[in-house]
Each structure stands twice: as structure tokens, then as C-alpha cells.
Amino acid sequence: MPDFLSFISEILWGSVMIYLLLGCGLWFTWRTGYIQFRYIRQFSKSLKRSLTPREGGLTSFQVLCISLAARVGSGNLAGVALAITVGGPGAVFWMWIAAIIGMASSFAECSLAQLYKERDASGQFRGGPAWYMSRGLGMRWMGVVFSLLLLLAYGLIFNTVQANSTAHALEYAFDIPKAVTGIVMALLALLVILRGMKGVAKFSQWVVPFMALLWVATCLLITLWHIVELPAIIEMIIRSAFGWQEAAAGAVGYSVSQAITSGFQRSMFSNEAGMGSTPNASAAASSFPPHPAAQGIVQMIGVLIDTIVICSASAMVVLLAGHGTKTTSYDGIQLIQHAMNVLVGDWGASFVALVMMLFAFTSVVANYVYAENNLIFLRWDMPWAIWLLRIATLLMVVAGSLLNLPLVWQMADVIMALMAITKPDGNFAAFTGGTHYCY
């Protein structure tokens, strides 16, 4: 099975996904008049406005926190370390490029989610790619296919990645058995998801900013402590991104294709731009000002925070510790822990484990919200079906803590690619068909 998944992943990510992601992001960048650059000065104003409560839905800030809860997970720690291990320091550069291009994709999909949202039986706003494929394009079958893939990805597979990284981190730092981590994580997640989307929103708006600031502030202090090494690190990232590092050394090292593939894979897994997940939360917001584009701009901030800020912070820790060369001695999360130990001492691994626990836990509960949202689209929102989804989600958390690392990441890469392949046609058609005025 691992060999088969690896083969499929190499086919999808070796060429198909790179061109698809680049093409999609570049098209939306051009179609919106380079909106991620034009509106960067408006980000602070949009963030301030996102706090304004409005009747009938969640605030834009709460929705931003839900989306960040799903985005900020193992991909920001273990994923970054794996990208550097597989693709070299240059993978960090391509993560930045993927994020900048992906901001336009995120704007488009989240604006569409606002445009085609509707209320459920309880009065809560619901929407996302499945809705605008169905209502905007009149192609419910496409929405059904996408919803099934999202249920598989966010209800099951992606949660195994979060649990796996957390279990490895806690075992490495505190010698806690992996099964114990999985069971405790599943029980705590159940307590949160029972409160529904509004409960997850309230939980996220307090926990997500705290954990993000905690990690970024710590990494920033470490970087400032080693400020004299920073120019060399930046130069190494740029040179490696284009193969100049290896050419200068006269050695066979990372190829440019390895750097690009690893960077795009881990960037997409982390910030989810263009994958169709974030719009499921975006539709729940009552944006201010009351315009579809308002939520799209707020969600561009989410991509910026996730990749350009948080992932870059993790990358600096790995590279400052001297892990810019190929190594198979550690898995992703343990490489970050070892790097922190090198830089700050023995407490570093424990700190990473605690941060990873927060990152992964918030991702699990937000992932469940996305999955339940698409269960409603499929009209399977009967109590027995919702409980079946909850039980399956929690069982996958426990299973993920016990699975081996390559299998977990390979499953995630394959399902992530399938989701992304399904979605661009709906994005292109719906965006061209009437939402171009929304920016």
C-alpha cells in the first residue's frame, strides 16, 4: 500500500498538480487585477472590521479563526520540516510563492461561498464549493463528488496526520504512549464538536490567536538571537530554490523539481488555498461590509498568516539548527523538536510537543466542522448520520496516532490532490459567470 500511494502521489504531484495550482492561482491573480497586491494595504482595516458582530451569522474574525484552526496544524511544523528534508531549503521559497499565488485562489473561492450561501433548518448560514457548484452552475453532481471527497479528506484522512504528528511529538518529549495520546485527543475533540459550528467558533477565536502568537513569538526570539546567521539562511533558501547552491558546490543535491514539488505540496496542505475547504467556514460569516468580497479579503489574510508567517517561523528554526541537508534520522515533527533542542536546550522538544498538541487539536475540530457542513449539503444530516461521522472522525484520530508516518502523509497527499483536481472547473466557471464584480 505505501508503494502504491507513493506512486500515485508522484504522478499527481510530479506534474499535474503543479501546473493546476500555478494555472489556477495565476488566472485568479490576473482575473482579479492582482488583488493580493492591491489590497495588502487594506488588510489591517479588514481585520479590524472582521470583529464587528452582525445578526444572522458568525463574525468574519470567528470564521477566520476556524479557517486558521484547520490550516494551522501539523503542516506548519512537521510539514515544513518534511519539505526541507525532501526538497532542501529551496522548498521554503516555493512555499512562499505558492502562498502568494494561492491568496488569489482563496479570495475567489471564499467570495463565491458568500455569494451562494443559504440558511439551514436552524438558521445557520451554510455554503462552500458544493453549494456554488450546485446553485451557481446547476451541476449538483459536481458538488456531490466534491462533498464526498471532502468528507473522506477532512472527516477521516487529514485527522490521522494531525494525530500522528502529535503522538510522535509527545512520545519523543514525554514518553507518552501513542495510543494514550490518540484516545485523549479524540475524547477532548468530542467535547468541542458536540457544541456545533458556533461552539467551535467561540473556542477557536480564543485558542487560535494564542497558539499562533506563542509559536511565532518564540521562533522570532530565536531568530533574533541568531540574527547574524539570517542573511546566509535567506541566501541559502534562494540559491537552493533555483539549484544554484548545488551547482556552486559541484555536487548532486536537491533538484529544482524536488524543491518546487515539496514546497507546493506542503504549502497547499498547510494553507489550503484553492482546495475548497476554507469556503465551508467562510459561508457561515455575516461579513462587514455586507459584500462577498469582504470575506474573500479576510481569508487572504489567513493564507498570509499561515504560510508567510507561521511556516516561515518553523523553517527558520529548522535551518538555523543546521538541518538544511538531507537527513532521514528524524520524522518531520521530531526534526523540529531536535532543532529546538539544538537552539534552546532540552526544553525545546517539550515546547514543540505542547504547541503541536494545540495546533493539531484545533485542526481536528475545524476539520470536523467542514465535514459536517458537506454532510448537510448531501442531505445526510440526520442524527444517526452525524453521529456516524463523529465516531468515524474520532476513530481515525486514534488510528492516526498508531499508523506509520509515510503512510499517513502519502494518504493525505493523494486525497488532497484529488480534491484540488475536482474543484478548479467549478471555480473558473462560477467566478467567470457573475462574481467578477465583487472586487
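## Chat about a predicted chain

Biologist: Which residue does E171 form a salt bridge with?

Modeller: Its partner is K178, and the closest N and O atoms of that salt bridge are 3.8 Å apart. K178 is partly exposed too, at a relative accessible area of 22%. Buried would mean under 20%.

Biologist: How many salt bridges are there by this rule?

Modeller: The count comes to three. One of them joins E118 to R135, with 3.9 Å between the closest N and O atoms.

Biologist: What does D120 form a salt bridge with?

Modeller: D120 forms one with R126, where the closest N and O atoms are 3.0 Å apart. Both D120 and R126 are buried.

Biologist: You mentioned α7. Why is helix α7 described as largely enclosed?

Modeller: Helix α7 covers residues 129-136, and six of its eight residues are buried, so the rest of the structure largely encloses this helix. The buried ones are P129, A130, W131, Y132, M133 and S134.

Biologist: What follows α7?

Modeller: G138 does, with a positive phi near 70 degrees.

Biologist: Which residue other than glycine has a positive phi near 65 degrees?

Modeller: That is R379. R379 sits in the loop between α17 and α18, and it is exposed, with a relative accessible area of 58%. Y34 also has a positive phi without being a glycine, at about 60 degrees. Y34 is placed in the loop between α1 (2-31) and α2 (35-38), and it is partly exposed at 44% relative accessible area. As background, most residues other than glycine have a negative phi.

Biologist: Back to that loop between α17 and α18. Which tryptophan is found there?

Modeller: W380 is in that loop. W380 is partly exposed, with a relative accessible area of 40%. Leaving aside residues up to four places away in sequence, W380 touches L148, L151, L375 and A385.

Biologist: Which residues form the nonpolar patch on the surface?

Modeller: The patch is made by L148, W380, M382, W384 and L388, and together they have about 530 Å² of accessible area. W384 lies in helix α18 (residues 383-402) and is exposed, with a relative accessible area of 58%.

Biologist: Nice. Changing topic to rings: how many aromatic pairs does a search of the whole structure find?

Modeller: The search finds ten. One of them is F203 with F361, an edge-to-face pair with 5.8 Å centre to centre and 80 degrees between the planes. This pair links distant parts of the chain, with F203 in helix α10 (residues 196-225) and F361 in helix α17 (residues 347-377), 158 residues apart.

Biologist: F361, buried or exposed?

Modeller: F361 counts as buried, at 13% relative accessibility.

Biologist: Which residues do ring pairs link into a cluster?

Modeller: F93, W94 and F242 are linked that way.

Biologist: And which ring does R119 lie over?

Modeller: R119 lies over the face of F125, 4.0 Å from the ring centre. R390 also has its charged end over a ring, that of W387, at 4.8 Å from the centre.

Biologist: Let's zoom out before I go. How many helices and strands does the chain have?

Modeller: There are 20 helices and two strands in the chain. Of its 439 residues, 60% count as buried.

Biologist: What share of contacts between residues at least 6 apart in sequence joins residues at least 24 apart?

Modeller: That share is 84%.

How values were computed: Residues numbered from 1 in each chain as written. Predicted model: local features only at pLDDT ≥ 70, side-chain atom pairs only at ≥ 80, totals over all residues. Heavy atoms only, no water. Helix = DSSP H or I, 4+ residues; strand = E, 2+ residues; numbered from the N terminus. Buried < 20%, exposed > 50% of the residue type's maximum accessible area, 1.4 Å probe, protein only. Contact = heavy atoms within 4.5 Å. Phe/Tyr/Trp six-rings, centres within 6.5 Å; stacked < 30°, edge-to-face > 60°. Lys NZ or Arg CZ within 6 Å of the ring centre and 35° of its normal. Patch = residues over 30% accessible without salt bridge, like charges linked within 9 Å, V, L, I, M, F, W, Y side chains within 5 Å. Areas by Shrake-Rupley, 256 points an atom, 1.4 Å probe, with all protein chains shown as cover. Salt bridge = Lys/Arg side-chain N within 4 Å of Asp/Glu carboxyl O.
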